[in-house]
Amino acid sequence: MSLLVAAAAIAFLLAVAGARSLALLGFGLAGLAATAAALWWALARHGLLRVLAATLAALLPLAVLLHYAAVGLLWATLLTLGLWGLALLTGRAALSADGRPGGPQHHEAPAPTAPFLVMNPRSGGGKVGRFHLADRARALGAEVAVLDPAHPQDVAELARRAVVDGADLLGVAGGDGTQALVARVAAQHDVPFMVISAGTRNHFALDLGLDRNDPSTCLDALTDGVELRVDLGFIADRVFVNNASFGVYAEVVQSAEYRDDKVRTILQRLPDLLTHHTGPRLTVRAGNTIIDAPQAVLISNNPYQLGDPAGMGRRPQLDTGVLGVVGVTVDNAAQAASLLRGRHGRGLTALTADEVVVDADAPEIAVGVDGEALLLPTPVTCRIAPGALRVRVPRHRPGVPRAKPPTDWRALGRLALGHETTDGVTPTGRQATQPGRHSRAAPGCRAGPATETHRLSCG
């Protein structure tokens, strides 16, 4: 169906517009590139130039549509785009027909006898109180420490003391930053860790396949749970369960004004940061790859699902044993426009590595670690500890949606002709090669560092 609809879209445009179809396509692509360039100017300039660029970015798409209408082909263009969108949707559905949940494999483990849970009553707008998490956990036999917002406590020290007192499980109902602090203690003492999705965004809970709408369901892990082995990211001597960001975002959130007026602070700081007039100049070394002077860098505990726009911000796996690295380098409007090419854009680099070093022409740099703003001395080393954390999750949970692959027309052609099935096995039984897929080391083997650069199809 995907191939037929794609052919129909091309045939329809040729039948209606004839030779003009190429000119229409070129005009539309030029308008899109010019819009991206105007957006760059709007972000990278102050004052009147920003206003003019933002106005241009709003008017250019309208001008393209008016041109199509003037030549009487607006309806044909819109219908062609609709058909092409349908071809992409059906193609991705065909390539990801195996809908089984992703994520690490679980295994059976005895239920904890002395669980210790830390709960932050302010997280997620008060989810701990709204869902009666402390009372429910105590009813299941857990010891619960509810933090007092008026008297800050050392969460890691609470967890260490609990282990000394005999706790055989550590858990957190709170944000990702608090989870990272307790997760490090759990990994050091090899006790299971439990996540209760009571934070605001719950990124780690999402990638563990937990229910983010009802955090009380996470407590089922105390009585009917299974264990996963997942990786932990380290930045210097600090653990991160999600990611560490450098560059523009990290610099902006360091501002004292950011919390009071986010939008205004971003608009004021962005031009100088994007054009390197302020802020340190970064250099990123990941294996054999060097990213010079990127404006933004994101290093994640396992790669994000960059090939699926609908799944951005998700990690299909938490046990690949590699860090995900995404760097954005945009020095001019032409590079901003090239980002529209996705994985082929000159300003975008996506790769994986087991260690990443971020250096700068400054003694310390701003870093956002699991949403917390920090200043760290340079160079900053990030590494991954494969399988370092035992995580206890409910046996019955929503699960992690399997990553949808990017639309690969050659793969669709092979699939349509019966040369390859959706699980990558050919009719002869031979395993087919899949781009962007990392092999896992067999038990007892050690996988070598992943240093090959992967574009947006990785993860």
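Where is Ala236 found? I looked there first. Ala236 is in the loop between strand 5 (225–235) and strand 6 (238–240). I am working from a predicted model.

**Entry 1**

I checked phi at Ala236. The value is near 55°, which is positive in a residue other than glycine. I then looked up the accessibility of Ala236. The residue counts as partly exposed, because its relative accessibility is 47%.

I found a positive phi at Ala293 too, about 55°, although this residue is not a glycine. Ala293 has its place in the loop between strand 9 (289–292) and strand 10 (296–301). Buried or partly exposed, I asked of Ala293? Its relative accessibility is 5%, so Ala293 counts as buried.

Next I went to the peptide bonds. Thr378 and Pro379 are joined by a cis peptide bond, with omega about -5°. I placed Pro379 in the loop between strand 15 (372–377) and strand 16 (380–394).

**Entry 2: Ser197**

I picked Ser197 and asked what its side chain reaches. The answer is the backbone oxygen of Asp211, at 2.7 Å. Ser197 sits in the loop between strand 4 (193–196) and helix 9 (203–207). With 0% relative accessibility, Ser197 counts as buried.

I listed the residues that Ser197 touches, leaving out those up to four places away in sequence. They are Lys127, Asn202, Ala205, Asp211, Arg212, Pro215 and Cys218.

**Entry 3: cysteines**

Cys218 was on that list, so I looked up its burial. Cys218 counts as buried, at 1% relative accessibility. Cys382 counts as buried as well, at 0%. How many disulfides does a search of the whole structure find? It finds zero.

**Entry 4: aromatic rings**

I counted aromatic pairs. The structure holds three. I wrote up two of them.

Phe12 and Trp75 form one. Their ring centres are 5.7 Å apart and their planes stand at 75°, so I logged the pair as edge-to-face. The cut-off for that label is over 60 degrees. This pair links distant parts of the chain, with Phe12 in helix 1 (residues 2–17) and Trp75 in helix 4 (residues 74–95), 63 residues apart. Phe12 counts as partly exposed, at 22% relative accessibility.

Phe27 and Tyr68 form another edge-to-face pair, 6.4 Å centre to centre with 65° between the planes. Which helices hold these two residues? Phe27 lies in helix 2 (residues 20–44) and Tyr68 in helix 3 (residues 47–70), so the pair ties together parts 41 residues apart in sequence. Phe27 is partly exposed, with a relative accessible area of 35%. Tyr68 is buried, with 7%.

From Tyr68 I took a distance to Leu78. Their C-alpha atoms are separated by 9.6 Å, and the two residues are ten apart along the chain. Leu78 has its place in helix 4. At 47% relative accessibility, Leu78 counts as partly exposed.

I also found a charge over a ring. The charged end of Arg383 sits over the ring of Phe234, 4.2 Å from its centre.

**Entry 5: nonpolar cores**

Which residues have the most contacts inside the largest nonpolar core? They are Met119 and Leu170, in a core of 54 residues. Helix 7 (residues 155–164) gives the most to this core, with six residues.

A second, separate core has 25 residues, among them Phe246, Ala286, Ile365 and Ile384.

**Entry 6: the whole chain**

The secondary structure comes to 13 helices and 16 strands. Of the 459 residues in the chain, 47% are buried.

Notes: Residues numbered from 1 in each chain as written. Predicted model: local features only at pLDDT ≥ 70, side-chain atom pairs only at ≥ 80, totals over all residues. Heavy atoms only, no water. Helix = DSSP H or I, 4+ residues; strand = E, 2+ residues; numbered from the N terminus. Buried < 20%, exposed > 50% of the residue type's maximum accessible area, 1.4 Å probe, protein only. Polar contact = N/O pair within 3.5 Å; in protein donor to acceptor, adjacent residues only side chain to side chain. Contact = heavy atoms within 4.5 Å. Disulfide = S-S within 2.5 Å. Phe/Tyr/Trp six-rings, centres within 6.5 Å; stacked < 30°, edge-to-face > 60°. Lys NZ or Arg CZ within 6 Å of the ring centre and 35° of its normal. Core = buried A, V, L, I, M, F, W, Y, C linked by side-chain atoms within 4.5 Å.
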